[in-house]
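Here is a short report on a protein model. Read it with the sequence and the structure side by side.

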Amino acid sequence: GGTIGFQSATNEGSYFFINLNLSQNIPVAKDIKDPTNLPLITLNSNETKTILYIEDVEVNIKLVEHILSLRKNIRLLSAKRALDGIKIAKSKIPDLILMDIRLPDIDGLTAFKKLQLIKEVTNIPVIALTANALEDDTQNALKLGFKDYLTKPLNIENFLKVVDKLLL
């Protein structure tokens with residue numbers, strides 16, 4: 001019931017369009033786990049843990065920020081470029097780093113190698129958090145020294161288990 005088409009003008013360009021009718025069907029609700037039933041991390045009440053997320057896509061940062069809000073006493077820092085993230089890691093010394101692999105300035109593997117050369121941050125655990133889901137990518141990152149390799153879309157329960165394990 002929709003239309004598809006284009007308009008074109010010589011030496012000006014083309015405009016392509018699709019018009020779709022809105023469906024009257026209501027989507028069926030999926031069974032979603034109640035996030036409040038996920039195990040809570042046990043931290044001393046005065047102890048705040050800092051996580052640095054190096055990720056260039058704002059919506060991914062917001063998603064991780066929302067997921068981590070399920071935990072008490074966690075502060076999230078973020079950087080959209082690897083080199084900025086390295087500077088933040090050196091100045092703020094986070095407890096954990098989440099690293100995307102595809103970044104606009106240098107890739108996450110190269111950024112990890114640079115982090116390992118900085119005495120103050122070399123022992124901070126780093127988790128790859130990426131859409132790269134090939135087994136070779138996973139093995140290369142783990143061989144470099146990443147503590148874990150999680151793929152997007154995130155399995156929230158697994159993500160929190162890995163974060164909890166590395167923060168305790």
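## A bridge across the chain

Glu-55 and Lys-152 form a salt bridge, with their closest N and O atoms 2.6 Å apart. (A salt bridge is a side-chain nitrogen of Lys or Arg within 4 Å of a carboxyl oxygen of Asp or Glu.) The pair links distant parts of the chain, 97 residues apart. Glu-55 sits in the loop between β3 and α1 (58-68), and Lys-152 in the loop between β7 and α5 (156-167). Helices (H or I, at least four residues) and strands (E, at least two) are DSSP runs, numbered from the N terminus.

Glu-55 counts as buried because its relative accessible area is 1%. Lys-152 is partly exposed, because its value is 22%. Buried means under 20% relative accessible area, exposed over 50%, and partly exposed in between (1.4 Å probe, protein chains only).

## About the model

The model is predicted: local features need pLDDT of at least 70, side-chain atom pairs count only at pLDDT 80 or more, and totals for chains, interfaces and linings use all residues. Residues are numbered from 1 along each chain as its sequence is written, and side-chain values use heavy atoms, leaving out hydrogens and water.

Glu-47 is partly exposed at 28% relative accessibility, while Lys-49 is buried at 12%.

Another joins Lys-62 and Glu-58, at 3.8 Å from N to O. About one helical turn separates these two, because they are four residues apart in helix α1. Lys-62 is partly exposed at 46%, and Glu-58 is partly exposed at 35%. Both belong to a network of salt bridges that links Glu-58, Lys-62, Glu-65 and Lys-80.

## The nonpolar cores

A nonpolar core is a set of buried Ala, Val, Leu, Ile, Met, Phe, Trp, Tyr and Cys residues joined through side-chain atoms within 4.5 Å. Which residues touch the most other members of the largest core? They are Ile-97, Met-99, Leu-115 and Phe-146, out of 22 residues. At least two residues of this core come from each of β3, α2 (82-92), β5 (96-99), α3 (108-116) and β6 (126-130). A second, separate core has 18 residues, including Ile-51, Val-64, Leu-98 and Val-163.

Look at Met-99. Its contacts (heavy atoms within 4.5 Å) include Ile-54, Ala-111, Phe-112, Leu-115 and Phe-146, leaving aside residues up to four places away in sequence.

Asp-100 lies in the loop between β5 and α3. Is Asp-100 buried or exposed? Asp-100 counts as buried, because its relative accessibility is 4%. With residues up to four places away left aside, Asp-100 touches Glu-55 and Lys-152, among others.

## Paired rings

The whole structure holds three aromatic pairs. One is formed by Phe-112 and Phe-146, and it is stacked: 4.4 Å centre to centre, with 25 degrees between the planes. (Rings of Phe, Tyr and Trp, its six-membered ring, pair if their centres lie within 6.5 Å; planes under 30 degrees apart count as stacked, over 60 as edge-to-face and the rest as tilted.) Phe-112 is in helix α3, and Phe-146 is in the loop between α4 (135-144) and β7 (148-151), 34 residues apart. Both Phe-112 and Phe-146 are buried.
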